[in-house]
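Reader: I would like a close look at a single part of this model, with the cut-offs stated.

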Amino acid sequence: MMITLTSDFGARDPYVGIMKSRIVQRAPLLPVIDLTHEVTVFAPEEAGYWLYCCHPQFPAGTVHVAVVDPGVGGARSIVVLEAGGQVFVAPDNGLLGLIVQSCAGGRAYRVTEQALARLDIAPRSATFHGRDIFAPLAAELACARIEPAQLGPPHTPLPGRLRCAARQSDGSVLGTVAVIDRYGNALTTITAAALGGFAAPQVRLDGRTLRLVRTYEEARMHECVALINSSSMLELAARQASAAQQLNVQPGREVYVVEG
Amino acid sequence: MMITLTSDFGARDPYVGIMKSRIVQRAPLLPVIDLTHEVTVFAPEEAGYWLYCCHPQFPAGTVHVAVVDPGVGGARSIVVLEAGGQVFVAPDNGLLGLIVQSCAGGRAYRVTEQALARLDIAPRSATFHGRDIFAPLAAELACARIEPAQLGPPHTPLPGRLRCAARQSDGSVLGTVAVIDRYGNALTTITAAALGGFAAPQVRLDGRTLRLVRTYEEARMHECVALINSSSMLELAARQASAAQQLNVQPGREVYVVEG
Amino acid sequence: MMITLTSDFGARDPYVGIMKSRIVQRAPLLPVIDLTHEVTVFAPEEAGYWLYCCHPQFPAGTVHVAVVDPGVGGARSIVVLEAGGQVFVAPDNGLLGLIVQSCAGGRAYRVTEQALARLDIAPRSATFHGRDIFAPLAAELACARIEPAQLGPPHTPLPGRLRCAARQSDGSVLGTVAVIDRYGNALTTITAAALGGFAAPQVRLDGRTLRLVRTYEEARMHECVALINSSSMLELAARQASAAQQLNVQPGREVYVVEG
């Protein structure tokens, strides 16, 4: 069992440390792993994309908490999703959309005030539910003191702007750039499985065709290429350079795979 | 029991990791929680403000270590403060001023060479007492192998530039902006309790009056407002925008609460 | 026993968290300490310099993993170095050069596919060996389930661009600036021991002579000086200012110690 944390809290402020205090008090011996706290402020889909890519690397029983929560204190719900033996806790603002769409058999629940009260998760501030709700709730779930289905009624999470890549009527697959990583790699919503449908897949960005390689080393120095990355997602990369800069690409840009 | 760390060491250099090595060697199973290591270089009051806001979130017995220490290797003392069932370890340079001022019943001690020698905390460098003194001392305190009062004579910590907000002769409360967080919220030294003395509190920054709301969601998009944040402090915020930028406000700026 | 992590993965992306997932799954109770993940992208020598400076602060049995790996997926080897009772795991790209050169009695081995297969470290991606090889291998080594010598044949690691400072024919010692830290201190390859050979050592940078002091406090405000830092290395520093900026110095710059 372990807990992962994803947020837009950043490293400058102590908000992550305060969440950990609440987790440690309820689950003293549990490993807590930071995925990232540098999600773009108020960009829940970015957090959701990272979780979508990362969760297969974690064992069954892992509880993933993601707090990118511009609507904190307002009417938005909190959702708990059970999928693939793992549990996801997040505000219901589209953050979990990609995971819901891609995980068959997932079941989601809307967390009720009564369930929180039974877990002694109260009182709370109007501005920091990461501390007051998400952290203690994750600890209770990770310690198996409560099941997701006991937290509230079944619920369909909001889908969010990021959708899984999909086959078009002309046979091509259309996806989007979801995030740019530290190296300037542009990570897309197109899966390795989607490329499996092509005899000779070609990757298109605007008018440009990118060569599909297996490793960064196969590219010429600074050449922009496409490859299947370690999360089994299509990624635009440049050898020892920033593909995002060289291709002038931002999140949201459309990427196509076509038959070559 | 747990230890928190606060410093201006940043994430680029391995200084925090080295402190943790020293803590783990003396207290192998103790949780160590990072509050922040991105305090502005050589700004002890900023570290002190975060500790002041955060420490109520930690359980009794927590040991907080804060190292923002431009005077390392010089004549400055090291101070250990016992307050509210928790322990604070810091250089005596104003860092603990706000906590001392606000915690009734706190007792502080100046750490002596003899006490350190008895704990086998020696020898040491002239430039990195975080590693050589603060880390092992925190481990010994957190494991309850020594009491603050055994570390040296009673001592009055230096007050520092940041003071608690105070009522003025005209009935208003005068505080200052202490830090700007990642979201551009401007956190002040004015407590929720201070607002309790007003029938209809108004928040004034220069000539401007800010509306007092309960949650970020109550503000109109990008409107600058004031609210009581999750640390029970008055905060200037803007909905999904940077209040610091919109109000052109930096740490040190005066903020008033007046009767409306 | 503990594991340290050093990389150029940064804090924005979840790559470090994913490595930790793999470590925790094989070594659940072992402390994992981050040295830094903000090494300049694709600069293995910078990671190697930090490891060289930090490893004496860790106890025997520590396993240090360093992943700055532009050649991932290509022909570069993975090397395990046993030196001073500690173990270092890194790509064979010069990262370990400084440690090999300075640690007498170190023994290095090239990790073979067969050894990895015996440890059930397979299959793997072509782009993220930090997750697929380095993390599980470090866990196995730290839990003492395998010895370095069992991982493959003896191997001489690539030396890398950074070399230990050396005495010149004119009696001076020539070193280089290796990294600039957060404070703007310029850390060099010259050891305290090297200065021991001089009656009145003088530090020269271009035509300029820097005063040798014991603590930052001995310098006048903003004065550029040289001192032996907490890692016993010669460092160029300025009191409460950036020496790197004031001296306009970058990594690679030559620094001399001469008889005064």
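Reader: How much area do chain B and chain C bury between them, and what percentage of it is on carbon and sulfur atoms?

Author: This is a predicted model, in which local features need pLDDT of at least 70 and side-chain atom pairs count only at pLDDT 80 or more, while totals for chains, interfaces and linings use all residues. Residues are numbered from 1 along each chain as its sequence is written, chains are lettered from A and ligands numbered from 1 in the order in which they are written, and side-chain values use heavy atoms, with hydrogens and water left out.

Chain B and chain C bury about 2,500 Å² between them, and 58% of that is on carbon and sulfur atoms. Buried area here is the accessible area, taken with a 1.4 Å probe, that two parts lose on being put together, summed over both. Of the area that chain B buries against chain C, 23% is supplied by Arg12(B), Pro14(B) and Thr127(B), more than by any other three residues. In terms of contact (heavy atoms within 4.5 Å), 31 residues of chain B meet 27 residues of chain C.

The rule finds 1 salt bridge between chain B and chain C, where a salt bridge is a side-chain nitrogen of Lys or Arg within 4 Å of a carboxyl oxygen of Asp or Glu. Glu38(B) forms a salt bridge with Arg182(C), and the closest N and O atoms of the two are 3.4 Å apart. Side chains of opposite charge can pair when their charged atoms come close. Across the interface of chain B and chain C there are also 15 residue pairs in polar contact, both residues at pLDDT 80 or more. A polar contact is a pair of N or O atoms within 3.5 Å; within protein, one must be able to donate a hydrogen and the other to accept it, and residues adjacent in sequence count only if both atoms are side-chain atoms.

On the side of chain B that touches chain C, the largest share, 8 residues, comes from helix α1 (residues 15–26) of chain B. Helices (H or I, at least four residues) and strands (E, at least two) are DSSP runs, numbered from the N terminus. By class, that side of chain B has 14 nonpolar, 10 polar and 7 charged residues. The classes count Ala, Val, Leu, Ile, Met, Phe, Trp, Tyr, Cys and Pro as nonpolar, Asp, Glu, Lys and Arg as charged, and the others, Gly among them, as polar.

The contact between chain A and chain C can be set beside this. Here 27 residues of chain A are in contact with 31 residues of chain C, and the buried area is about 2,500 Å², of which carbon and sulfur atoms give 58%. In chain A, the residues that lose the most area to chain C are Gln57(A), Arg182(A) and Tyr183(A), together 30% of what that side buries. The count between chain A and chain C is 1 salt bridge; Glu38(C) and Arg182(A) meet in a salt bridge at 3.4 Å, N to O. There are 15 residue pairs in polar contact between chain A and chain C, both residues at pLDDT 80 or more. Both β2 (32–36) and α2 (44–54) of chain A supply at least two residues of the side that touches chain C, and the largest share, 4 residues, comes from β2(A). That side of chain A divides into 14 nonpolar, 7 polar and 6 charged residues.

Salt bridges are also found within a chain. Over all chains the count comes to 45 salt bridges. In chain A, Arg253(A) and Asp206(A) meet in a salt bridge at 2.6 Å, N to O. This pair links distant parts of the chain, with Arg253(A) in the loop between α7 (243–247) and β14 (254–259) and Asp206(A) in the loop between β10 (201–205) and β11 (208–213), 47 residues apart.
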